[in-house]
Amino acid sequence: MSRDTSRDGGFIAPGATLGVLGGGQLGRMFAQAAQSAGYGVAVLEADEAAPAAQVTGIHLAARYDDAQALEQLARDCAAVTVEFENIPAASMQWLAAHVPLAPAPTALALCQDRVQEKALFQRLGVPCAPHAVLTAGRDPKAIDADLFPAILKTARLGYDGKGQRTVAHAADLPAAWAALGGVDCVLEKKLDLAFELSVVMARGRDGSTVQFAPQQNLHRDGILFASFAPGPAITPELAEAAQIAASTVAHGLDYVGVLCVEFFVLRDGRLLANEIAPRPHNSGHHTIDSSTVSQFELQWRTLVNAPLPVPRQHSASVMLNLLGDLWFDAQGRQREPDWAAVLAQPGAHLHLYGKHAPRQGRKMGHLTCTAATAAEARQVALQLCSLLGLEPFHAELP
Ligand code: ATP
Ligand code: MG
């Protein structure tokens, strides 16, 4: 039976089951947050051993387009969300017709596609990187020469810098596009970044919003390495501009749920939107340990139509991602990081996602270092870097 869920807005009390599509670490932390308030959680995820499948009461081990599994999710759950943007549009549309679902299929579809995302930024007047759209039939030789050197990104299915190629000169573009399979792409000017920041926020069904302060993000090899909250280079003016832009995006999408907008700050001081994540974000993980309400609590609150409390950050923090690389020594032999030493460090909060197979670049967990001041939190993080054999980061901070 199909029903109109657009008007759903009643409070869903603890005891109900909430559904999540996707079983990675974001689904796991969503489940843990919702469970701590007394909700049951069901996860739809094909992988039996996935991080979220280990902690949820109901695990539907099936693909995202499995009709039976979607039916069961709609039957068992009072509301459903996603932890991953690449859910098939047809599954989202079916669910939206049968169970309260947030974010909406249209918002998710837009965030799956860099071409649509850039068009949204332009429509809303949110500055973004100079770019060109490459779709079938477009002559790559006719691209504006000013865009080079550039980064070619597939319009869909990229993450952690995957699906990207640097293109130094216009002449290299046809080969780079062919190497990405000739699929729809966005060619972005390679920008002179001073640093990156992101804003995590939540928007309820009634249109109310709350935001965390922006965090400063440091990437290595296209993967988030650390997030600093507060960020040493984020001025009050930049923070305000980023928060206004993120709100503009959330309202412009009529978004319901938690979202993150990633930004670039250029050396000339300009703030440009990079992309939108329609879900909690890696750069917001610190909120679990640093703030009165976490991004995952805001996610379940938007789902159950509970009030959204304004987050207050009670501790300065530095979040370090724990990539699979840490599980290998210099000779490539597998080893376990020295958790006892990590746990002996005051202010270190360890989060491991229950992934059994470490691989280079795979996100296995994160560490949040909290302290009374940003400088102290950075000291704790630097000590942990040295303990774990990670390159210190102070030289990379502007
Ligand atoms: P993630 O999943 O980590 O968000 P992603 O695969 O979606 O990554 P982007 O966010 O587009 O990809 O790019 C990853 C990183 O590469 C950025 O955070 C930034 O450090 C760098 N980068 C991307 N685009 C540009 C650009 N136009 N100029 C300079 N650096 C860029
Ligand atoms: Mg990104």
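In this predicted model, the magnesium ion (ligand 2) is coordinated by OE atoms of Glu 262 and Glu 275, at 2.0 to 2.2 Å. Glu 262 belongs to strand β13 (residues 257–266) and Glu 275 to strand β14 (residues 271–277), so the pair ties together parts that are 13 residues apart in sequence.

Helix α1 (residues 25–36) packs against helix α9 (residues 295–304) at an angle of about 70°, and their axes lie 8 Å apart. Because angles of 65 to 115 degrees count as roughly perpendicular, α1 is described as roughly perpendicular to α9. The crossing of α1 past α9 is right-handed. On the α1 side, the contact involves Leu 26, Met 29, Phe 30, Ala 33 and Ala 34; these meet Phe 296, Glu 297, Gln 299, Trp 300 and Leu 303 of α9. By class, the residues of this contact comprise 8 nonpolar, 1 polar and 1 charged.

Attention may then turn to helix α7 (residues 236–252), in which Ala 239 is placed. With a relative accessibility of 14%, Ala 239 counts as buried. Leaving aside residues up to four places away in sequence, Ala 239 touches Pro 214 and Ile 234. Ala 239 is also 9.0 Å from Leu 197, C-alpha to C-alpha, while 42 residues separate the two in sequence.

Methods
Residues numbered from 1 in each chain as written. Chains lettered and ligands numbered in written order. Predicted model: local features only at pLDDT ≥ 70, side-chain atom pairs only at ≥ 80, totals over all residues. Heavy atoms only, no water. Axes fitted to C-alpha atoms, helices over the stretch in contact; angles between N-to-C directions. Helix = DSSP H or I, 4+ residues; strand = E, 2+ residues; numbered from the N terminus. Parallel < 35°, antiparallel > 145°, perpendicular 65-115°, else oblique. Left-handed = near helix turned anticlockwise from the far one by under 90°. Contact = heavy atoms within 4.5 Å. Nonpolar A, V, L, I, M, F, W, Y, C, P; charged D, E, K, R; others polar. Donors = N, O, S within 2.8 Å, 3.2 Å for Na, K, Ca; no water. Buried < 20%, exposed > 50% of the residue type's maximum accessible area, 1.4 Å probe, protein only.
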